[in-house]
Amino acid sequence: MKDGDHKDDQPETGKGETHPTPHLDQLEDGPWPSFVTGIKRLRDEGTPSNQKIMNDLLGQLDHSYENKMGYWKGGTVSVFGYGGGIIPRFSEVADKFPESKEFHTLRIMPPPGFHYTTDLLRDMADIWEEHGSGLIAFHGQSGDIMFQGCTTEKTQVAFDALNKIGFDLGGAGPALRTAMSCVGQARCEQSCFDEQRAHRGIINKLLDEMHRPSLPYKFKFKFSGCANDCVNAIHRADFAVIGTWRDDIKINQEKVKEHVAEKGRKYTIDTVVSMCPTRAISLNDDDTMDIDNKSCVRCMHCINVMTKALSPGDDKGVSIMIGGKRSLKVGDLMGIMVKPFMKLETDEDFEALEEFAEEMVEFFADNALEHERVGETIDRIGLPAFLDAMGIDADPNMVNHPRTSSYVRTDDFDEEAEKWFERKAREAGLQISAE
Amino acid sequence: MSEAAVKPRTPDEVGVPDAKQYMHPAMLENYGNWDYHDRPRVGVLRHVSKSGQVLFTVRAGTQRQMDVFTIRKLADIGDECADGHIRFTTRSNIEYMVTDEAKVAPLIEKLEAEGFPVGGTGASISMISHTQGWLHCDIPGTDASGVVKGMMDMLHKEFVREHMPNRLRITTSCCQINCGGQGDIAINVQYTKPPKINHDLVANVCERPAVVARCPVAAIRPAMVNGKPSLEVDEKKCVCCGACYPPCPPMQINGEDSTKIAIWVGGKHSNARSKPTFHKLAVANLPNNAPHWPEVKEVVGRIVAAYKADAKHWERMGEWIERIGWNRFFEMTELAFTKHHLDTWTGARKSMNMSAHVHF
């Protein structure tokens with residue numbers, strides 16, 4: 001970052017001494033934008049309050065580099081009406097760096113898809129310059145805007161100012177957490193549902209679980225419009241909503257021919273036909289394409305490569321995967337497919353999704369142990385018990401393959417099989433004799 | 001102080017705001033009605049809607065932790081050279097949307113002149129997804145923004161062009177909780193020593209049963225030490241994960257001898273082609289020489305170079321390794337395969353080769 005012509009590290013008369021930052025100074029050259037240069041500018045040109053905070057913050061950060069240790073501790077800080085959403089940080093080296101001794105973060109929920117106007121960015125910058133340190137992260141791994149560096153005293157007024165421009169606190173602690181959505185229908189032709197509507201509908205319905213933490217542990221939702229999963233929902237969310245479709249991939253054969261003509265036949269075979277995970281694609285002798293849609297798993301690869309020739313079908317909806325999380329404490333988990341398809345178009349469809357989300361959080365609240373994520377709960381009780389509790393029928397799409405262990409009691413196998421055949425008949429639109 | 005002054009303001013629990021009030025008008029008009037996209041050049045996406053609307057997106061890297069001057073500069077660029085609407089990607093890149101193609105080149109020129117590299121699209125190395133580190137985290141083993149800045153300086157040339165086999169996603173995490181997430185390459189703190197316990201503080205600071213319960217290998221038990229109630233760790237069982245440290249800061253996991261860096265490869269979020277995967281250990285015990293991480297950079301550079309030279313177009317890191325085999329991966333990257341690469345955790349057996357398939 002080229003940053004004007006101010007000189008760094010020149011103590012100014014009449015002000016506190018500028019801390020030397022020999023380690024951080026090494027992070028200012030190079031082609032990537034430097035957060036150090038930005039923080040130094042706050043120290044040198046910010047408001048008097050920003051200057052003081054950031055001088056000591058830089059001092060503490062360089063002290064961390066020197067000793068290879070972190071010096072922040074948590075605590076309890078909240079705003080009126082909320083039990084979470086603030087990440088308190090108190091310095092353990094406040095005697096050396098007193099002006100940044102309280103450096104709390106306000107987690108603020110961004111608009112789904114991370115859309116902003118330039119005016120909104122400026123409003124946020126003005127608020128944080130006045131009430132905080134002047135440092136904002138767009139965005140944290142949690143999906144929040146992180147307004148970093150606030151004293152305990154200023155936390156309430158800073159939140160009030162952000163709240164007045166239409167923004168609300170996100171989640172922290174054992175609670176519903178801030179959700180994330182991909183850009184989706186706002187710009188992407190591959191999107192299979194209205195991510196923003198699903199995102200707002202679910203989170204705003206369950207908002208109390210975010211603002212008054214009372215769950216066994218955290219619970220996260222993420223919304224990706226297709227299986228490319230641009231917000232990493234399967235790995236990172238307890239409840240991943242992934243767009244998909246049931247009917248055939250749409251093929252524009254003229255565009256297929258154009259693609260082959262432009263890229264070459266060998267390239268098309270190597271990068272599209274051969275890379276289909278279920279061998280569902282063949283390129284015909286006339287450079288048109290056949291897709292065996294019954295074998296297609298909606299992985300998105302061919303559509304990614306041939307954006308003009310191929311696109312998702314019309315019968316769109318979502319798959320839902322439950323139980324993704326990071327390492328603590330049993331190791332990383334990915335979500336398990338529990339709803340292979342929910343149609344998501346009408347008001348009723350969205351209500352059904354919101355109800356399902358609510359039931360899932362209720363199940364989590366009632367059944368998870370303290371500090372247990374829902375994926376761990378499922379592992380502990382087994383998927384069949386989880387499905388029973390949620391009223392979901394077992395489905396082959398939930399597994400890579402059926403069980404390989406014979407250690408299971410199967411004396412009600414016939415009744416279970418009967419339910420399967422009845423379900424299949426119902427799906428096919430047939431009359432069930434008992435109904 | 002008057003009563004009105006001390007009465008707290010009742011919050012307006014608005015929840016998630018409606019993005020449509022901030023969205024570019026062309027996005028709003030064509031919401032759910034896009035037809036296809038292509039990339040006229042690196043860092044630029046061109047989306048075409050079914051109504052014929054064309055929308056250009058210019059993507060640029062940011063430092064994520066932004067001071068208000070940088071934010072205002074980005075906003076000014078959005079007003080001067082774009083349409084006043086921006087968004088951020090999952091990896092903290094900024095995107096400017098414009099409907100007029102003539103605005104694209106000046107916008108790129110302005111962003112680059114102001115020090116924001118334009119790129120991060122297609123088969124490039126995008127911004128590293130990272131954590132808070134020493135800047136703000138309460139349990140970090142290393143920094144995040146600083147080491148990422150150094151790493152992105154090295155990888156910048158692959159951000160501003162699309163010369164990789166497919167996209168390459170890098171993450172860093174400053175402890176083993178792995179908040180940075182899964183990546184084609186993940187650079188994570190890996191502790192090598194059990195926690196060092198300050199027995200004078202445990203009873204006052206830690207809720208001992210909760211700490212005992214937090215250990216994934218049941219290595220922690222209550223104990224009286226020097227006449228004080230404390231905790232002790234069975235160091236033979238301890239896997240040095242650091243899970244006890246957040247609920248019990250006197251169980252210090254960090255230290256020069258303990259805080260090392262491990263590099264993992266082959267994580268993938270997308271379902272395209274292969275199913276999503278977790279990253280796998282490539283090398284551990286690299287020194288935590290922040291901010292420059294020279295030893296880490298050297299290994300990352302080798303892995304990136306091997307992948308770039310050998311993977312087929314569209315193969316992600318993990319898919320490439322699956323094709324060539326781990327034998328060749330370790331050969332090509334000149335890394336050691338050790339007993340520590342053999343998983344010992346729950347489900348480890350599923351990671352073993354139970355076939356006669358062997359790579360030579």
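**Domains 2 and 3 of chain B**

I looked up the spacing of domain 2 and domain 3 of chain B first. Their C-alpha centres lie 30 Å apart. I keep in mind that this is a predicted model.

I then checked the contact between these two domains. Domain 2 of chain B puts in 5 residues, and domain 3 of chain B puts in 5 residues. On the domain 2 side I found 3 nonpolar residues, 2 polar residues and no charged ones.

I noted the bounds for orientation. In chain B, domain 1 covers 19-113. Domain 2 is made of two stretches, 133-192 and 256-351. Domain 3 covers 198-252.

**Chain B against chain A**

Next I turned to the interface between the chains. I read off 97 residues of chain B in contact with 99 residues of chain A.

Which elements of chain B each supply at least two residues of the side that touches chain A? I listed strand S1 (34-41), strand S4 (65-67), helix H3 (68-80), strand S5 (85-88) and helix H5 (145-159). H3(B) gives the most, with 9 residues.

I also sorted the chain B side by residue class. I got 41 nonpolar, 38 polar and 18 charged residues.

**A strand pair across the chains**

Finally I looked at S4(B) again. In which sense does S4(B) pair with strand S6 of chain A, parallel or antiparallel? I found the antiparallel sense, over 3 bridges. Strand S6 of chain A spans residues 135-138. Within this pair I picked out one position: A:Ile136 stands opposite B:Met66 in S4(B).

Terms used:
Residues are numbered from 1 along each chain as its sequence is written. Chains are lettered from A and ligands numbered from 1 in the order in which they are written. This is a predicted model: local features need pLDDT of at least 70, side-chain atom pairs count only at pLDDT 80 or more; totals for chains, interfaces and linings use all residues. Domain bounds come from an automatic or database domain assignment. Two residues are in contact if their C-beta atoms, placed from the backbone, lie within 7 Å. Ala, Val, Leu, Ile, Met, Phe, Trp, Tyr, Cys and Pro count as nonpolar, Asp, Glu, Lys and Arg as charged, and the others, Gly among them, as polar. Helices (H or I, at least four residues) and strands (E, at least two) are DSSP runs, numbered from the N terminus. Two strands pair if DSSP finds at least two bridges between them.
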